[in-house]
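This report describes selected features of one structural model. The sequence and the model come before the discussion.

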Amino acid sequence: MNASMRGRVAVAGVAESDLGQMAAGTTPLDLMAQATTRALADAGLSLRDVDGLFVASAQVRFGPMMLAEYLGISPRCFDGTQIGGSSFMSHVAHAVQAIEAGACEVALIAYGSTQRSVSRTTASRPDPNPYEDPFRPLLPVSAYALAASRHMHEYGTTRRHLAEVAVAARQWALLNPKAWEKEPLAVEQVLSSRMVSEPLTVRDCCLVLDGGGAMVLTSAGRARSLRKPPVYVLGVGEALGHGTISNMPELTTTCAVQSGQAAFAMAGFGPADVDVLGLYDAFTITPILFLEDLGFCAKGDGGAFVADGAIAPGGRLPVNTNGGGLSYCHPGMYGLLAMIEIVRQIRGECGERQVASCDVGLAHGNGAVLSSQCTALFGSAGTL
C-alpha cells in the first residue's frame, strides 16, 4: 500500500461478542451481530452509518451477503476475503483503500464462530490433499509441529522455549477479566502435558472456543469527531506463500518477512518503535517464528528471545497482552481479536495489563498452515 495512506484512516470502535461456549442454537451470525452492535456503540455510530462490510468465516459460506441480510443493511462496498486467521488484517488494508477511494465511509469488519459448540472439524473441514492425507496428519497441529521440530533441529530451540510462550500468555490472561483461562500455568506443566503432535503438547495448542469480534474504521477526520480517541492505521502488509505445509519452501521462515517489511515501510517505523505486539499464537511456535520474521530478533534467536519471561508481564517486550489464542480466546480464527487488543492498548483501556506509554502497536495474523501472513501497525495521535 502507498505510504501516503499512512494515518488517513482510523479505528473508531472495537468490541468482542460474548466469548466461551454459547447457548444451543447460537450461530456465527448472531455473534457477528452482537459484536457489531457493541463496536458501533463504542464508536458512537449506528448501523445506518455502515456502508462498507468485510467478513471472513469458515462457517458462513457467503459472509458479506449473509451478515448484510442479518443486519438489514445494503453496503456500497463489501469484501469476503478468506485467507484464514490473517483475513482481518487483510480486511483492514482493503478498508483503508476503499475509504481513501471513496467507495465507503464507514467500514465494518466482523467475525463470529461457534467452533467449540459444533466441534473444530465441523466448523472448518480441511480440504482433501492426496499428497498428505495418506500420512494421516492431525491438521493443523501436525503442520505446526513440523515447523517447530525443524526450528529445534536447526537452531537449538527447546520445548522449554515453547513452553515459555504458553506461560507468558497465561500470565497476561490472568490480568484480563475476559480471558477463558483463570488458573496459573508453569513451564513444567506445559512440558508434562499430554502430547498432541510431537513436540507440541495440549498446552502448546490454542483454545477452542466460541466467539467473535468487530472493528469499525472511518476517515481520520471523521474519527476525531466520534466517541473514542482514534487509533490510526499506520501501515499494513499482506503476503501469501504456500497452501499446504508440504509445499512450504522453508519450514522456519514465513512470508511474514514480506508482510512485515511492507507494513513497516508504509508506517515509516521499525521494530524498535513498537510498544506492544499481538502475534497470532495458535501454537507456541508461531510467536517465535513471527518475532524473527518481523525483525524483533535474528532468525534462530526466537527461542532465546522469549526465555525467562521476556514477553510476559514485566518483560522487555509485551506480547499478546490479552492472553492470546493460547489463554484468552481462539474462536477458529484469532486475527481480529488480536487487533482489538492492540487498539485498546493504544487507547489506554486495558486496566491491570495496560502497557505504559503505548503509542505504537503491531498486530500480526497468520492463516491456514503458516500460509498467509498479514501485518497491521496502529498508532496514537502522537504518531502522526
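The model is predicted: local features need pLDDT of at least 70 and side-chain atom pairs count only at pLDDT 80 or more, whereas totals for chains, interfaces and linings use all residues. Residues are numbered from 1 along each chain as its sequence is written, and side-chain values use heavy atoms, with hydrogens and water left out.

## Helix packing

Two packed helices are described by the angle between their axes and the distance between the axes. Axes here are lines fitted to C-alpha atoms, for helices over the stretch in contact, and angles run from 0 to 180 degrees between N-to-C directions. Helices (H or I, at least four residues) and strands (E, at least two) are DSSP runs, numbered from the N terminus.

Helix α6, residues 141-155, packs against helix α11, residues 285-293, at an angle of about 60 degrees, and their axes are 10 Å apart. That angle makes α6 oblique to α11, in a scheme where angles under 35 degrees count as roughly parallel, over 145 as roughly antiparallel, 65 to 115 as roughly perpendicular and the rest as oblique. The crossing of α6 and α11 is left-handed, a term used if the near helix is turned anticlockwise from the far one by less than a right angle, with right-handed used if clockwise. On the α6 side the contact (heavy atoms within 4.5 Å) involves Y144, A147, A148 and H151, which meet I285, T286, I288, L289 and E292 of α11. By class, six residues in the contact of α6 with α11 are nonpolar, two are polar and one is charged; Ala, Val, Leu, Ile, Met, Phe, Trp, Tyr, Cys and Pro count as nonpolar, Asp, Glu, Lys and Arg as charged, and the others, Gly among them, as polar.

Helix α3, residues 87-101, packs with α14 at an angle of about 65 degrees, with the axes 7 Å apart. F88, M89 and V92 of α3 make this contact with G335, L336, A338 and M339 of α14. The contact of α3 with α14 has six nonpolar residues, one polar residue and no charged residues.

## Backbone geometry

Most residues other than glycine have a negative phi, and most peptide bonds are trans. The table lists exceptions.

| Site | Feature | Value |
|---|---|---|
| L139 to P140 | cis peptide bond | omega near 10 degrees |
| E198 and P199 | cis peptide bond | omega about 5 degrees |
| S357 | positive phi | near 50 degrees |
| A368 | positive phi | about 60 degrees |

P140 is found in the loop between α5 (120-123) and α6, while P199 is in the loop between β5 (195-197) and β6 (200-201). S357 lies in the loop between α14 (335-347) and β10 (360-367) and counts as exposed at 65% relative accessibility. A368, in the loop between β10 and β11, counts as partly exposed at 48%. In these terms, buried means under 20% relative accessible area, exposed over 50%, and partly exposed in between (1.4 Å probe, protein chains only).

## Selected residues

Where does Q373 lie, and what does its side chain touch? Q373 is placed in strand β11, residues 372-379, and is buried, with a relative accessible area of 0%. Its side chain makes a polar contact with the side chain of H364 at 2.7 Å; a polar contact is a pair of N or O atoms within 3.5 Å, of which, within protein, one must be able to donate a hydrogen and the other to accept it, and residues adjacent in sequence count only if both atoms are side-chain atoms. Leaving aside neighbours within four places in sequence, the residues in contact with Q373 include S86, G237, E238, T254, F290 and H364.

N129, in the loop between α5 and α6, counts as buried at 9% relative accessibility. A polar atom of the N129 side chain lies 3.1 Å from the backbone nitrogen of E132, and, leaving aside neighbours within four places in sequence, N129 is in contact with P134 and T244.

E250 is found in the loop between β8 (231-240) and α10 (256-267) and is partly exposed, with a relative accessible area of 32%. The side chain of E250 makes a polar contact with the side chain of T252 at 2.7 Å.
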